Amino acid sequence: MLTFIGLGLFDEYDISLKGLEAVREADLVYAEFYTSCLMGTKPEKMEKLYGKKVHLLSREDVEQQPDWLDEAKDKNVAFLTGGDTMVSTTHVDLRLRAEKLGIEIRLVHGASIASAVSGLTGLQNYRFGKSASIPYPYESRRGARIISETPYDTIKQNSELGLHTLVFLDIDKEKGYMTVNLALGLLLEVEAKRGERVIDRAVAVGIARAGSEKPVVKADYAENLKDFDFGKPLHILIVPGKLHFLEAEALVKLAAGPEELMEDIN
Ligand SMILES: C[S@@+](CC[C@H](N)C(=O)[O-])C[C@H]1O[C@@H](n2cnc3c(N)ncnc32)[C@H](O)[C@@H]1O
């Protein structure tokens, strides 16, 4: 049996009771923290709460050589990830591989950043379009700095349809956790290069440390927001599309957004 367990958003106590029971019953516990991670805890604290050793898996262990899956043929194996295991990950691939090996599967859902953003900002989940992910820039063979333009295009398409965009930020082994500030800087760089004006006129919303006692939620014009101090990671960015009047009010009152948002609606 292989049990996928979502750990929730911030610390070891965000796991559900069902998840905790499942991890305590497991013979082997594996975890990956490259798709998301819980910044308010450490693997040792999780191990203490679970009473189990947690074996950390790399991206390669999960996506290329998941040999450890074989152990689930005759053992009870738990696989842990931050948030929900199946939201903005490719872990359905693991599930399909396991099914092919005849392994019984169980899912224990976890609180996800995808739903937390609606709770924290008041932006309604059914008014979001396709999500985007911003990767760190990389160097071409000739030494040029390359910035992916795909997230910009996604935001532009959503905004033309009046839809909000949820923008996940890169987690890189060497470069660390991308901030809202860097993400906005990269989007504005793409925009300036293309001579377009989707982001610089828009109000954007940044969130830091969702799930903690004091998450930071701030809305402002992108040009201003890119210099706002969000503090420690994890961060996420939202570029709202057309606002419902309740959403505008929520951004002003819950995210200290510019008052003009409400005037624009009225
Ligand atoms: C690729 S997504 C994976 C989402 C995860 N499976 C879930 O359901 O929450 C991870 C990205 O979401 C954002 N994120 C995740 N947890 C967060 C949190 N607690 N606070 C702010 N942003 C978060 C960060 O941008 C992070 O790089």
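Reader: Okay, so helices (H or I, at least four residues) and strands (E, at least two) are DSSP runs, numbered from the N terminus. Where is the place of Leu234, then?

Author: Leu234 lies in the loop between α8 (222-225) and β14 (235-239). Before we go on, this is a predicted model, in which local features need pLDDT of at least 70 and side-chain atom pairs count only at pLDDT 80 or more, while totals for chains, interfaces and linings use all residues. Residues are numbered from 1 along each chain as its sequence is written, and side-chain values use heavy atoms, with hydrogens and water left out.

Reader: Got it. What kind of peptide bond joins Pro233 and Leu234?

Author: A cis one, with omega about 0°. For background, most peptide bonds are trans, and most residues other than glycine have a negative phi.

Reader: Which residue other than glycine has a positive phi, then?

Author: Ser88 is one, with phi near 55°. You'll find Ser88 in the loop between β4 and α4 (92-100). Ala256 is not a glycine either, and its phi is positive at about 45°. Look for Ala256 in the loop between α9 (245-254) and α10 (260-265).

Reader: New topic: helix α1. Which residues are buried there?

Author: In α1, which spans residues 17-25, the buried ones are Gly19, Leu20, Ala22 and Val23. They sit on the same side of the helix because they cover an arc of only 165° around the axis (the arc is that of the directions from the helix axis to the C-beta atoms).

Reader: Why do residues three or four places apart in an α-helix point the same way?

Author: Because an α-helix has 3.6 residues a turn.

Reader: And what is on the other side of α1?

Author: Leu17, Lys18 and Glu21, which are exposed.

Reader: What do the buried residues of α1 pack against?

Author: Five elements are listed: β1 (2-6), β2 (28-32), α2 (43-50), β4 (77-81) and β5 (105-108). Contact here means heavy atoms within 4.5 Å.

Reader: Which residues is Val29 in contact with?

Author: Val29 belongs to strand β2. Leaving aside neighbours within four places in sequence, Val29 is in contact with Val23, Lys52, Lys53, Val54, His55, Ala78 and Leu80. With a relative accessible area of 1%, Val29 is buried.

Reader: How about Thr154, what does that one touch?

Author: Thr154 is in helix α6 (residues 150-160). Not counting residues up to four places away in sequence, Thr154 touches Lys130, Ser131, Ala132 and Thr165. Thr154 counts as buried because its relative accessibility is 5%.

Reader: Zooming out, how many helices and strands does the chain have?

Author: Ten helices and 14 strands. The chain's radius of gyration is 20 Å, close to the 18 Å from the globule rule for 266 residues, so the chain is as compact as a globular protein of that length. That radius is taken over C-alpha atoms, and the rule is 2.2 Å times the number of residues to the power 0.38.

Reader: Last one: what share of the chain do buried residues make up?

Author: They make up 46% of the 266 residues. Among contacts with a separation of 6 or more, 74% come from residues 24 or more positions apart.

Notes
Buried means under 20% relative accessible area, exposed over 50%, partly exposed in between (1.4 Å probe, protein chains only).
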